[in-house]
Amino acid sequence: MSLFIAEAHAAAPAAAGPDAGMANLVMLGLFFVVFYFLLWRPQSKRAKEHKTLMAGLKVGDEVVFAGGLLGRIQKVDDEYAVVDLGDKVTLRIQKGSVVASLPAGTLKNIGQN
């Protein structure tokens with residue numbers, strides 16, 4: 001019909017090879033392995049360390065809270081701890097808000113207590 005434009009013929013769709021299903025399963029498996037090692041395993045390791053930290057809190061420990069406060073534990077219950085912040089200031093906090101336990105004498109070295 002047209003003299004200058006060649007007619008385009010649609011090519012038949014390419015058929016999936018016989019290994020296409022297996023390649024998809026391998027990629028899916030690889031995705032889960034990467035997901036496990038990069039996300040799940042490190043997060044569960046951090047959760048286990050934090051649980052061990054909370055279970056190991058005792059009177060006299062110097063700790064850091066999620067808000068950045070530093071203090072010394074005076075009393076420990078199952079869920080809560082009473083913490084001395086210095087200058088006759090005490091707080092009752094949830095043990096889950098403790099981020100880290102400090103080495104003994106840290107508060108004295110920074111000029112607190």
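**Figure 1. Contacts and overall make-up of the protein.** Of the contacts with a separation of 6 or more, 40% join residues 24 or more positions apart. The model shown here is predicted. The protein has 113 residues, and 18% of them count as buried. Its secondary structure comes to 2 helices and 5 strands. Along the sequence, the pattern reads α-β-β-β-β-β-α. The protein exposes about 9100 Å². Carbon and sulfur atoms supply 64% of that area.

Figure 2. H1 covers residues 20-55, a run of 36 residues. From its first C-alpha to its last, H1 reaches 51 Å. That is close to the 52 Å expected at 1.5 Å a residue. Where is the kink in H1 centred? The kink is centred on Tyr36 and comes to about 45°. Tyr36 is partly exposed, with a relative accessible area of 38%.

**Figure 3. Aromatic rings.** The structure holds 3 aromatic pairs. One of them joins Phe31 and Phe32, with ring centres 5.7 Å apart. Why does this pair count as edge-to-face? The planes of the two rings lie at 65°, and an angle over 60 degrees counts as edge-to-face. Phe31 is exposed, at 51% relative accessible area. Phe32 is exposed too, with a value of 51%. The cut-off for exposed is over 50%. Tyr36 and Phe37 also pair, with ring centres 5.1 Å apart. Their planes stand at 80°, so this pair is edge-to-face. Phe37 has 49% relative accessibility and counts as partly exposed. One aromatic cluster is formed by Phe31, Phe32 and Phe35.

**Figure 4. The largest nonpolar core.** How many residues make up the largest nonpolar core? This core has 10 residues. Among them are Leu53, Leu57, Val63, Phe65 and Ile73. Ala81, Val83, Leu85, Ile93 and Val98 belong to the core as well. Strand S1 (62-65) and strand S3 (80-86) each supply at least two of its residues. The largest share, 3 residues, comes from S3. In soluble globular proteins, nonpolar side chains tend to be buried together.

**Figure 5. Val63 and the residues around it.** Val63 is a member of the largest nonpolar core. Which residues does Val63 touch, not counting those up to four places away in sequence? The list includes Leu57, Ile73 and Val98, and these three are also members of the core. Val63 touches Leu69, Leu70 and Gly71 too. Ala100, Ser101 and Leu102 complete the list.

**Figure 6. His50 on helix H1.** His50 is found in helix H1. Is His50 buried or partly exposed? His50 is partly exposed, with a relative accessible area of 26%. Leaving aside neighbours within four places in sequence, His50 is in contact with Gly96 and Val98. Val98 is also one of the residues of the largest nonpolar core. His50 and Val99 are 49 residues apart in sequence. In space, their C-alpha atoms are 7.7 Å apart.

**Figure 7. Gln94 in strand S4.** Strand S4 covers residues 89-94, and Gln94 is found in this strand. Which residues is Gln94 in contact with, leaving aside neighbours within four places in sequence? Gln94 is in contact with Glu79 and Tyr80. Met54 is 40 residues from Gln94 along the chain. The C-alpha atoms of Gln94 and Met54 are separated by 9.8 Å.

**Figure 8. The loop between S3 and S4.** Asp87 is found in the loop between S3 and S4. Lys88 has its place in the loop between S3 and S4 as well. What is the phi of Asp87? Asp87 has a positive phi of about 55°, although Asp87 is not a glycine. Lys88 is not a glycine either, yet its phi is positive, at about 60°. Asp87 is exposed, with a relative accessible area of 76%. Lys88 is exposed too, with a relative accessible area of 85%.

Notes: Residues numbered from 1 in each chain as written. Predicted model: local features only at pLDDT ≥ 70, side-chain atom pairs only at ≥ 80, totals over all residues. Heavy atoms only, no water. Core = buried A, V, L, I, M, F, W, Y, C linked by side-chain atoms within 4.5 Å. Buried < 20%, exposed > 50% of the residue type's maximum accessible area, 1.4 Å probe, protein only. Helix = DSSP H or I, 4+ residues; strand = E, 2+ residues; numbered from the N terminus. Contact = heavy atoms within 4.5 Å. Expected span 1.5 Å × (residues − 1). Bend = angle between axes of the 7 residues up to and from the residue. Phe/Tyr/Trp six-rings, centres within 6.5 Å; stacked < 30°, edge-to-face > 60°. Areas by Shrake-Rupley, 256 points an atom, 1.4 Å probe, with all protein chains shown as cover.
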